[in-house]
Amino acid sequence: MGGCAGSPPRLSDSEGEETEPAPRPPLQDSQGAHWKNAVGFWLLGLCNNFSYVVMLSAAHDILSHQRTPGNQSHAVLLADILPTLVIKLLAPLGLHLLPYSPRVLTSGICAAGSFLLVAFSHSVPTSLCGVVLASISSGLGEVTFLSLTAFYPRAVISYWSSGTGGAGLLGALSYLGLTQAGLSPQHTLLSMLGIPALLLASYFLLLTSPGPQDPGGEEDSDTAARQPLINSEASESKPGSGSPLSLQERWTVFKGLLHYIVPLVLVYFAEYFINQGLFELLFFRNTFLTHAQQYRWYQMLYQAGVFASRSSLRCCRIRHTWVLALLQCLNLAFLLVDVWLSFLPSIYLIFLIIVFEGLLGGAAYVNTFHNIALETSDEHREFAMATACISDTLGISLSGLLALPLHDFLCQLS
């Protein structure tokens with residue numbers, strides 16, 4: 001009788017003996033490696049953005065108590081976005097080829113330094129230096145960890161994105177909760193120094209060493225249980241071990257990414273134009289919420305939408321991300337008209353629009369990087385992921401240039 005149709009063929013040697021195919025690794029080992037990487041990338045996403053979110057909230061609090069003349073929000077915004085922008089602009093030029101472990105260590109040290117500087121700050125320059133360190137940590141971390149996903153199954157992109165979405169929600173809630181419970185901003189920050197330590201532990205102790213595998217598989221792509229990165233001598237040689245791409249190859253890959261980069265830039269431009277320029281102007285007097293409480297609700301609902309959509313890749317995948325950009329621009333236009341004419345009768349309609357705004361932004365982020373991972377070849381994927389990182393920061397930077405002056409103009413009219 002012949003074997004089952006689905007069974008692998010048996011090989012015969014020259015003497016006619018049948019030899020069994022190489023045994024597959026135990027199922028529990030493969031599953032263990034899968035979940036280690038899943039949890040590892042989720043925690044990396046959470047820690048990378050958590051420190052950034054919390055530290056910015058604290059910087060605003062401390063600046064407001066330092067009684068300095070003038071409005072410091074513009075300075076905070078510049079210190080917040082410019083270092084990240086510079087890092088992401090350098091990524092396609094060769095930053096992504098540097099060894100991963102030193103980059104991760106630098107990111108963790110900068111995150112811890114931002115907490116310490118802002119916690120013990122007695123001046124505006126010191127506080128702003130803390131913002132700069134947080135920006136460096138977040139930007140370098142995003143370039144590093146998104147590039148690192150090129151050496152793991154594509155499923156880890158979903159876990160990384162979900163973690164970054166959770167950071168906005170959990171970071172804001174934890175800082176608000178601890179300060180409301182009576183802790184000073186200084187002690188709240190010092191209590192969170194464990195976050196950079198968790199980031200380093202997730203990378204060095206939890207992630208498995210990338211080895212030969214098919215990045216496309218999501219169920220069985222972890223073909224063997226591997227040792228933590230810190231214990232593997234080959235961990236630094238595999239990522240980035242290939243020959244650097246030529247300038248012509250980089251330009252070709254970059255041109256191929258534009259149909260994903262441009263929509264993501266537009267999504268973040270419209271998104272942060274709303275957040276920076278319009279949130280404070282969407283004020284309803286016929287509600288029990290104060291102006292400050294309305295603003296906090298807007299931020300919380302936005303972060304909830306981002307978290308939900310950045311965690312949705314397994315449920316909903318979107319190939320044509322330009323649709324998300326179009327919808328986000330329509331959101332911006334609609335809310336801009338409402339700020340001008342005040343025609344919406346209820347704040348709950350604004351709540352729904354803001355949740356939708358967050359859903360669009362998070363979906364654009366996770367689907368863009370997932371589509372790039374699907375469509376780029378193995379030798380180009382690391383460069384492509386590092387290059388596409390510029391999209392969100394560029395959109396935020398452009399929105400800041402226009403949203404803040406428009407905000408001031410609309411305030412003068414009201």
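Trainee: Which residue follows α10, and is its phi positive or negative?

Mentor: That's S342, with a positive phi near 50 degrees. Helices here are DSSP runs of H or I, at least four residues, numbered from the N terminus. Keep in mind that this is a predicted model: local features need pLDDT of at least 70, side-chain atom pairs count only at pLDDT 80 or more, and totals for chains, interfaces and linings use all residues. Residues are numbered from 1 along each chain as its sequence is written, and side-chain values use heavy atoms, with hydrogens and water left out.

Trainee: Which residues of α10 are buried, and which are exposed on the face turned away?

Mentor: Buried means under 20% relative accessible area, exposed over 50%, partly exposed in between (1.4 Å probe, protein chains only). L324, A325, Q328, N331, L332, L335, D338 and V339 are buried. Seen down the axis, using directions to the C-beta atoms, they fall within an arc of 150 degrees, so they line one face of α10. The face turned away carries exposed W322, L330, W340 and L341.

Trainee: Where is N275, and what does N275 contact?

Mentor: N275 sits in helix α8 (residues 247–278) and counts as buried, because its relative accessibility is 7%. Contact means heavy atoms within 4.5 Å. Leaving aside neighbours within four places in sequence, N275 touches Y295, Y302 and E357.

Methods: Helices (H or I, at least four residues) and strands (E, at least two) are DSSP runs, numbered from the N terminus.
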